[in-house]
Amino acid sequence: MDALDLDPGDYGGTYKLVGGRPSLDFVNTISWPETEREHDWLSSPENARRWFAAVALPFPRGKAVDLPALHKARLLLARVLRPLAHGEHIPANTIAELSRAVARAYQGRVIDPPSLAWHWPAPQNAADALAPILLDAAELVTAGDHERLRFCPSCDWLFEDHTRNGQRRWCDMADCGSRDKARRYYHRSKA
Ligand SMILES: [Zn+2]
C-alpha cells in the first residue's frame with residue numbers, strides 16, 4: 001500500500017488509506033492515538049485538502065480552512081468508532097451527539113432533478129465537506145453487524161476487513177504486520 005503524499009513535518013512516519021471507507025480513514029488521520037508518538041496529519045490546510053482529494057470527496061475552494069471543525073468531527077467519530085471496533089460500550093450521549101451531527105449533515109443533501117439521485121452541492125465550508133464522512137460513519141454504526149470492523153493491534157488504526165476469509169489483522173502488512181513478524185522472530189531466536 002502506498003503512502004499518501006501528505007506533508008509529515010518533522011514526523012518520521014507515513015499515512016496510508018487503510019480503512020476501506022472514508023469515516024475510518026478520517027479517524028486514522030491521527031497516527032498512534034493517545035501515545036507519545038501521536039501525530040496529527042490534518043494539521044495544515046494543504047494536508048486537509050490533499051486528504052479529501054485522495055478519498056475523492058469535494059473540499060471547499062479558497063485559502064481559509066476551518067481545521068478546528070475538522071478536528072472536532074474527527075474526535076466525535078473516534079469516540080464512536082474506536083470503541084465500536086474494540087467491542088466496548090459507547091455512551092448514549094456520544095451516540096446522541098453523532099445523531100445530531102448526522103441530522104445536520106443530511107440537511108445539505110438534495111435530490112438532483114435530472115438524475116433523481118442524491119447529490120451533494122459543492123461544499124462552501126468544512127461542515128459541508130464533512131457531511132459525507134458523517135453519513136458514512138452513521139451507515140457503519142447502524143449496519144448491525146460490526147464483525148469486519150477491526151483495529152490494528154499495533155497502532156490502533158481502524159479498518160474494515162474486506163478480505164474473503166476475514167483474517168486481516170494489521171492496518172498494513174508492510175508496516176505493523178512486518179514489525180510484528182520481526183518481533184516474533186527476535187523472541188523465537190532468543191529462546
Ligand atoms: Zn497498524
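A residue counts as buried if 20 or more other C-beta atoms lie within 10 Å of its own, as exposed if 12 or fewer do, and as partly exposed in between; C-beta atoms are placed from the backbone. This is a predicted model: local features need pLDDT of at least 70, side-chain atom pairs count only at pLDDT 80 or more, and totals for chains, interfaces and linings use all residues. Residues are numbered from 1 along each chain as its sequence is written.

**Overall fold**

The protein has 6 helices and 6 strands. Helices (H or I, at least four residues) and strands (E, at least two) are DSSP runs, numbered from the N terminus. Their order from that end is α-β-β-α-α-α-β-β-α-β-β-α.

The radius of gyration, taken over C-alpha atoms, is compared with a globule rule of 2.2 Å times the number of residues to the power 0.38. For 191 residues a compact globule would come near 16 Å, and the protein's 18 Å agrees. Along the principal axes, the C-alpha atoms fill a box of roughly 65 × 40 × 35 Å.

Of the 191 residues, 28% are buried. Two residues are in contact if their C-beta atoms lie within 7 Å. Among contacts with a separation of 6 or more, 58% join residues 24 or more positions apart.

Most residues other than glycine have a negative phi. A56 and L116 are not glycines, yet each has a positive phi.

| Residue | Phi | Loop between |
|---|---|---|
| A56 | about 60 degrees | α2 (45-54) and α3 (67-86) |
| L116 | about 55 degrees | β3 (110-112) and β4 (117-119) |

A56 is exposed, with 8 other C-beta atoms within 10 Å. L116 is exposed too, with 8 other C-beta atoms within 10 Å.
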